Amino acid sequence: MGAISNQNSNRFLSLDVFRGLTICLMIVVNTPGTGAHLYPYLVHAEWFGFTLADLVFPSFLFAMGNAMSFSMGKMKEMAADVFWKKVIKRTLIMFLLGYLMYWFPFVRQGIDGIWELKPFAETRVMGVLQRIALCYLFAAVIFYYLTEKAAIVLSVIFLLGYWAILYLFGQPGGELDMATNAVTRLDLSILGNGHIYKRDAIPFDPEGILSTVPSIVNVIAGFIAGAFIQRIGKTFEGIAKLLLVGFLLMALARWWDLVFPICKKLWTGSFVLYTVGIDLSIMAVLIYLIELKQKQFGVEFCTIFGKNPMFIYLFSELFFTLLRIIPVNSEQDVFEWFSESIIQTVFPGSLGSFVTAILFMLLCWSIGWWLNKRRIYIRI
């Protein structure tokens, strides 16, 4: 997966906590127990609207941009050919890992009971890690060649341009509907029905090709926020400015929502502004509590996730997939059996579903704890 190295002690502790929180919540959202509904705020909005679960992925992109602001200085010292080789290599590895994750476990049992290789024609091409890879590529190139002011201008162009494209190339009257928007139409024309996400109401990929464009802005915002924090230091002035900008962006997002609704699955411009505004506010609070007030409650727990985020995320997805394909009886797999036959008997209903997700998250945390104890930090 990548090299093993020592953790950089110069990194802001609040950044590791922020990133750790996103991984923690991502696992909880992705692995709810079966047999009961999860709490509504831990389930993605069906289309328009916003829940806590919708904040997870853009927050990870924001955290990635924040981390890039600490490493870009060294990257800018690289010759262009060295820079491109490093960035493209990392992009390809992340994209390939994402693709293999959706292909995993690579085999399936056919109608005749014989195991066969899962066909490439039915494997999802885009996805979470794939979007992370593409956002990393574009953000790295932008900040290698352009200034922060130019990146802000480019962000405005991305958001307004995406808004225009949706209305120019979506089906008239259904520009923002799941089946007829420009994102769906482009994915179907390029990837085909076999290579896109199929667990929604209709075949639709929430990490589509076109909707990756506005998601780059979340990374750009994280980078600019990180660079700002480094310039101004851990000060009350910096915290106040982060909170102010965060509030203004959330207010602007709510105004834009009136004409361009907040929608995570379409990754609308209003969704970008709203999530960036929230992330800036959370980051400000974490800097105040952790860097200035030296509060330590929950810090070590979160930093375990933040030190090996990609590895823990991959483990959670692959292990969860394994649990869902190993049968216990004719009606239940291992995960269903544990959730319904054990947890639901103690914590019935939505609480039991939530407890199952928490226990699975703690299992993933224990893997991170083991790696951290041995000072193993896996990088891509």
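Reply: The side chains of Glu207 and Lys264 are joined by a polar contact of 3.5 Å. A second polar contact, of 2.6 Å, links the side chain of Glu207 to that of Arg124. (A polar contact is a pair of N or O atoms within 3.5 Å; within protein, one must be able to donate a hydrogen and the other to accept it, and residues adjacent in sequence count only if both atoms are side-chain atoms.)

This is a predicted model: local features need pLDDT of at least 70, side-chain atom pairs count only at pLDDT 80 or more, and totals for chains, interfaces and linings use all residues. Residues are numbered from 1 along each chain as its sequence is written, and side-chain values use heavy atoms, with hydrogens and water left out.

Glu207 sits in the loop between helix H6 (182–190) and H7. Helices are DSSP runs of H or I, at least four residues, numbered from the N terminus. Glu207 has a relative accessible area of 4%, so it is buried (under 20% relative accessible area, 1.4 Å probe, protein chains only). Not counting residues up to four places away in sequence, Glu207 touches Phe57, Arg124, Met126, Gly127, Val128, Arg131, Thr212 and Lys264. Contact here means heavy atoms within 4.5 Å.

Next, the helix pair. H4 (residues 128–145) packs on H7 (residues 212–232) at about 55 degrees, with axes 9 Å apart. Axes are lines fitted to C-alpha atoms over the stretch in contact; angles run from 0 to 180 degrees between N-to-C directions. Residues making the contact include Arg131, Leu134 and Phe138 of H4, and Thr212, Ser215 and Val219 of H7.

Terms used: Helix = DSSP H or I, 4+ residues; strand = E, 2+ residues; numbered from the N terminus. Buried < 20%, exposed > 50% of the residue type's maximum accessible area, 1.4 Å probe, protein only.
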